[in-house]
Amino acid sequence: MQVLVKKYIRKESTSGIILIFATLLALLLNNSIFSEFYTSFLQTEIVFKVGHILDIQKPLILWINDGLMAIFFLLIGLEIKRELIAGHLSTPSKIALPAIAALGGMVVPALIYFIFNYGDDYSLKGWAIPTATDIAFALGILSLLGRRIPASLKIFLMALAIFDDLGAILIIALFYTNDLSFHAISLAGICILLLVLLNRFKVTRLGFYILLGVLLWIFVLKSGVHATLAGIIVAFTIPLHAIDEKRKLISPVKSLQHHIHYWVAFYILPLFAFVNAGVDLSYTSLDKLSNPTSMGIIFGLFIGKQLGVFLFSYLAIKYNIAKFPRCTNWAQLYGVSVLTGIGFTMSLFIDSLAFENSNAFFFTDKLAILIGSFASGIMGYLILRFVKSRRGCSI
């Protein structure tokens, strides 16, 4: 199990480094003579049309945010399903600590954001922005620390991020949904029914699931519910274990996860960061950055996440609801709690749903995400770098 964890973390850490480069490149382009080219590139109109039956017309940035990110959520769904059925979250004792910690990491940042923006209905739409954690970045920083960090703490962070993602999925479904089209929802319901039937009849050919998944994505997009949720639905219907035509035990979930993880980690997430992190700094200043929305995001990520995760973990362990991670001490647990404040791609994604027009804040909302995330990453790294592991415990 530890070998699998190490392989996963190594892949995620490399992805995290690429994400940093994609972010810096976006910032450089949008604050140079190439700014107009960068902006026009994001707004490139792409049309998908099939006669009079289907017509989808969106700028490139929305094709990435609504389309490619659905593949990202498909990967998240596959990971969640594996962990819940046969992984780190398959028993109540394994679930307790990361689930409670993740709850604290969502409630406290949202409360801090609410306090900063109380009375402003438009700004309050962004209450969920500081509740997210970017697992690629967080695990990337852990990997830099090597054997200083026990495997149990890495597993804790992975499991916490899974519950964090589940929370983000529920938030998007419940709070970031536009006017509903019941005709499109009905068609989406038929697709879901067919996917469930494929699962019930133990169909192992992934092509059938992917075809229905594309149709489901189109209908969900047209329904007013955010299209990325189609990825989660498809993931949950794919069998974890099945018998193929040769009477061999296979795992369609593991197979699809293996095939798309590379594309998500090294192409989709960096591309998402590139099109969303290009903050035009010429419009920002310290005065503009001090608006309640930006302050709510910065303090929510940097203070709220670490406070919520650590406090809820402490209470769960103190009252014997959950067990303390093996070979770990409180200082290390606190360091990992700080790392959960790296919202980055997930926070940017929720920001794009909450505020269609970042001009309202002079792009300081996105800049605040970068500040809160990088501050959490640096502080978390420094704490874990200089804290000593428990003596007499093999990690």
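## Serine 337 in α13

Serine 337 sits in helix α13. In this predicted model, serine 337 is buried, with a relative accessible area of 0%. Setting aside residues up to four places away in sequence, serine 337 touches Lys305, Gln306, Val309 and Phe310.

Serine 337 and aspartate 280 are 57 residues apart along the chain. Their C-alpha atoms are separated by 31 Å.

## Two other serines

Serine 35 belongs to helix α2, which covers residues 35–42. Serine 35 is buried, at a relative accessible area of 18%. That value falls under the 20% limit, so the residue counts as buried. Serine 35 touches Leu29 and Asn30, again leaving out residues up to four places away in sequence.

Serine 186 lies in helix α7. Serine 186 is partly exposed, with a relative accessible area of 46%. In sequence, 112 residues separate serine 186 from isoleucine 298. In space, the C-alpha to C-alpha distance of serine 186 and isoleucine 298 is 40 Å.

## Confidence

Mean pLDDT for the chain is 86. A value of 70 or more is reached by 94% of the residues.

Helix α1, residues 2–30, has the lowest mean pLDDT among the elements of the chain, at 72. Helix α12 has the highest, at 96.

Strand β1 spans residues 45–50 and strand β2 spans residues 54–59. The two strands pair in the antiparallel sense, over 6 bridges. Phenylalanine 48 has isoleucine 56 of β2 as its bridge partner. Lysine 49 stands opposite aspartate 55 in β2.

The hairpin has 3 residues between its strands. Glycine 51 takes a positive phi there, near 55°.

Most residues other than glycine have a negative phi. Lysine 202 has a phi near 60°. Lysine 202 is in the loop between α7 (182–200) and α8 (206–223). Lysine 202 is exposed, with a relative accessible area of 52%.

Cysteine 327 also has a positive phi, of about 60°, although it is not a glycine. Cysteine 327 lies in the loop that runs between α12 (292–318) and α13 (330–339). Is cysteine 327 buried or exposed? Cysteine 327 is buried, with a relative accessible area of 3%.

## Packing of α5 on α6

Helix α5 covers residues 135–144, and helix α6 covers residues 151–175. The helices pack at an angle of about 175°, and their axes are 10 Å apart. That angle makes α5 roughly antiparallel to α6. The α5 side of the contact is Ile135, Ala138, Leu139 and Leu142. The α6 side is Lys154, Leu157, Met158 and Ala161.

The spacing of these positions can be read against helix geometry. An α-helix has 3.6 residues a turn, so residues three or four places apart point the same way.

## The nonpolar core

The largest nonpolar core holds 114 residues. Which of its members touch the most other members? They are Phe73, Leu142 and Trp217. Leu142 is also one of the α5 residues in the contact with α6.

Tryptophan 217 touches Ile56, Trp63, Asp66, Gly67, Ala70, Ala227 and Ala230, not counting residues up to four places away in sequence. Among these, Ile56 is the bridge partner of phenylalanine 48. Ala230 is one of the buried residues of α9.

## Helix α9, enclosed

Helix α9 runs over residues 229–237. Of its 9 residues, 7 are buried, so helix α9 is largely enclosed by the rest of the structure. The buried residues are Leu229, Ala230, Gly231, Ile232, Val234, Ala235 and Thr237.

What covers these buried residues? The cover includes α3 (60–86), α6, α7 and α8.

Note on methods
Residues numbered from 1 in each chain as written. Predicted model: local features only at pLDDT ≥ 70, side-chain atom pairs only at ≥ 80, totals over all residues. Heavy atoms only, no water. Helix = DSSP H or I, 4+ residues; strand = E, 2+ residues; numbered from the N terminus. Buried < 20%, exposed > 50% of the residue type's maximum accessible area, 1.4 Å probe, protein only. Pairing = 2+ DSSP bridges. Core = buried A, V, L, I, M, F, W, Y, C linked by side-chain atoms within 4.5 Å. Contact = heavy atoms within 4.5 Å. pLDDT = per-residue confidence, 0-100. Axes fitted to C-alpha atoms, helices over the stretch in contact; angles between N-to-C directions. Parallel < 35°, antiparallel > 145°, perpendicular 65-115°, else oblique.
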